[in-house]
Amino acid sequence: MFGVLKKFFLFSGKENSRKFKRSIVISLIDALASALKIPAIMCVLMGVIEGKDLGKYILGSIAIMAVSIVVGILCKMSSTVLQTEGGYTTAAFKRIEMAEHLRYVPMGYFNSNSIGEIASVTTNTMENLGDVATRVVMLTTQGLLETSMIILMILLCDWRIALVSLVGVAIFLVINTVMQNAGKQASSAKVDCDTELINQTMEYIQGISEVKSYNLIGKQTKRLNAANEACVRANVKMELVYVPYHFLQSIVTKLTGVAIIGLSAYFYINGSMSVLYAVGMSIAAFMLYGGLETMGTFSSLIHVVSVCVDKANVVLGLDTMDIDGKELNPENHDIEVKNIEFSYDKRKIIDGISLTIPEKTTTAIVGPSGGGKTTLCNLIARFWDVDSGEITLGGTNVKDYSMNSLMNNFSFVFQNVYLFADTIENNIKFGRPEATHEEVVEAAKKACCHDFISKLPDGYNTVIGEGGATLSGGEKQRISIARAIMKDSPIIILDEATANVDPENERELTLAVDALTKEKTIIMIAHRLKTVRHADQIVVVDRGRIAQKGTHEELMKQDGIYRRFVDSRELAVSWKI
Ligand SMILES: Nc1ncnc2c1ncn2[C@@H]1O[C@H](COP(=O)(O)OP(=O)(O)OP(=O)(O)O)[C@@H](O)[C@H]1O
């Protein structure tokens, strides 16, 4: 248990663990104040036994009780405030730390961990740590302190009864330790099932349109229900593991109480204890239960706290990509791709590509679907690390840049645009958070989205649905172009849209792209002949290799994939086969 306490305090950071420790000191005073009830009761008893000055004894008792109650209330209030503050700020700061950390984690992590699992750590686990864990840790400590203070009071009165109490508490703690060990597996299983439930719920919601259109409601609901039922089973199982131990703990506390009362009576009869102490010890025996049982109940969740801290630490401890990166500003924006190889897991996707992309030129990457075009772009922007070879920007390996200083050089326009559930203005500002409203409007005008934004009920302040749910595909695309215009970085990686483009949209999209790409280095995954034809160089990527490279005219003279595509007119529709 103390190991978990230490782990939790370490996790919560200096400032918050200071709050928790202060709260423990206050709980200690609270426990002392609570133990004052014993002398308060004994004071009245003393008056009754002595048979004179009863009023004085009652007043004395009231004074002790008043101190006990007032100090108790003040302590409870301040320790609750400290615990709540400590718990919620721990969760809030750790969430931010995690979000920041995940930005620098290799993309491979997101490949092998589902979004549901990651979401579960940042939501459920952090919620558990901020609220449940804090309560569990604090109430367990409080219960232990309260018990210790009562034993201390007993010790001041009679060492023999204190010894019996200590034996009872020791047996209780042994059972408690066995219980915590027995519950380890069930606690881990419970946390895993909670994670899986979030996973399944997210999958169900994210895929709801597919679920509806393919009539998969029954099948998907079955998976969600199965996760739900597994979660219920795991939680019940965990509780059931603890039930016998709680029962045993309860028997021990009660037997200790009975032993204290019995021994006090015995010591009184044999004359080794006054009636005052005998009654006082019997009352203390009842008080001993409270603290111990609080501790027993909450400590059963202590392993859940441990699992949650471990889960959060796994995410926070993931190696980042730019540990040794420096804040660099390249002298030029020439890109060199030098004999790179790359595999997703064990599947080789890029197999020895070399390429020079001089600054302020347009490179069109074309080729069959699955050939590795997107992967190549992702490697250039260091979303992933190459397995061998190197990529340089301005003559410096992209790995030598810090993530921020590298990203300052790139803007992206993807086919699948993600817009945040925020105002249109903030979604455009995402490219440069300090931009003024006028600059946002200017970027929106260049990206041909000012007109449709102005027609929306709240204009630039219209809040769009998560993922951009309330806008058309073309509109989303243009907002993402406005965002990239706002960022104004020297290199643009563009996945040319083929979907969502009707003739009217296409004209506006072309104008938006023209505004974005003026005077920039453009790397474009190109699908349309019109854009490919004017590129400074066309790179045909097939099965992870460069099959052909040159201008449109040069490639048309060669008998290769490029000319075959153009000739068969497939290019006019899409390069995808
Ligand atoms: N995150 C990933 N994890 C594992 N495999 C991936 C991942 N992304 C892509 N792949 C695989 O790598 C191969 C190349 O994919 P890539 O997206 O680079 O091809 P592409 O040429 O851009 O295709 P398209 O034109 O269809 O978009 C594909 O077989 C794909 O299944």
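User: A residue is buried if 20 or more other C-beta atoms lie within 10 Å of its own, exposed if 12 or fewer, and partly exposed in between, with C-beta atoms placed from the backbone. Which residues of helix H14 (residues 437–446) are buried?

Analyst: This is a predicted model: local features need pLDDT of at least 70, side-chain atom pairs count only at pLDDT 80 or more, and totals for chains, interfaces and linings use all residues. Residues are numbered from 1 along each chain as its sequence is written. Helices (H or I, at least four residues) and strands (E, at least two) are DSSP runs, numbered from the N terminus. In H14, the buried residues are Val-440, Ala-443, Ala-444 and Lys-446.

User: Why do the buried residues of H14 line one face of the helix?

Analyst: Take the directions from the helix axis to the C-beta atoms; the arc is computed over these. Exposed His-437 and Glu-438 sit on the face turned away from the buried side. The buried residues line one face because, seen down the axis of H14, they fall within an arc of 160 degrees.

User: Is Arg-382 buried or exposed?

Analyst: Arg-382 is in the loop between H11 and S4. Its phi is positive, near 55 degrees. Most residues other than glycine have a negative phi. With 23 other C-beta atoms within 10 Å, Arg-382 is buried.

User: Is Asp-53 buried or exposed?

Analyst: Asp-53 also has a positive phi, near 50 degrees. This residue lies in the loop between helix H2 (37–50) and helix H3 (54–103). With 12 other C-beta atoms within 10 Å, Asp-53 is exposed.

User: Which helix gives the largest share of the shell around the ligand?

Analyst: A residue is near a molecule if its C-beta atom, placed from the backbone, lies within 6 Å of it. Of the 12 residues around the ligand, Tyr-344, Ser-369, Lys-373, Thr-374 and Thr-375 come nearest. The largest share is three residues, and these come from H11 (residues 373–380).

User: How far apart are the end C-alpha atoms of residues 55–75?

Analyst: An unreviewed UniProt entry annotates several stretches as "transmembrane region", including residues 55–75. Such annotations may be inferred rather than shown by experiment. The span is 100% helix and 0% strand, and its end C-alpha atoms lie apart by 30 Å.
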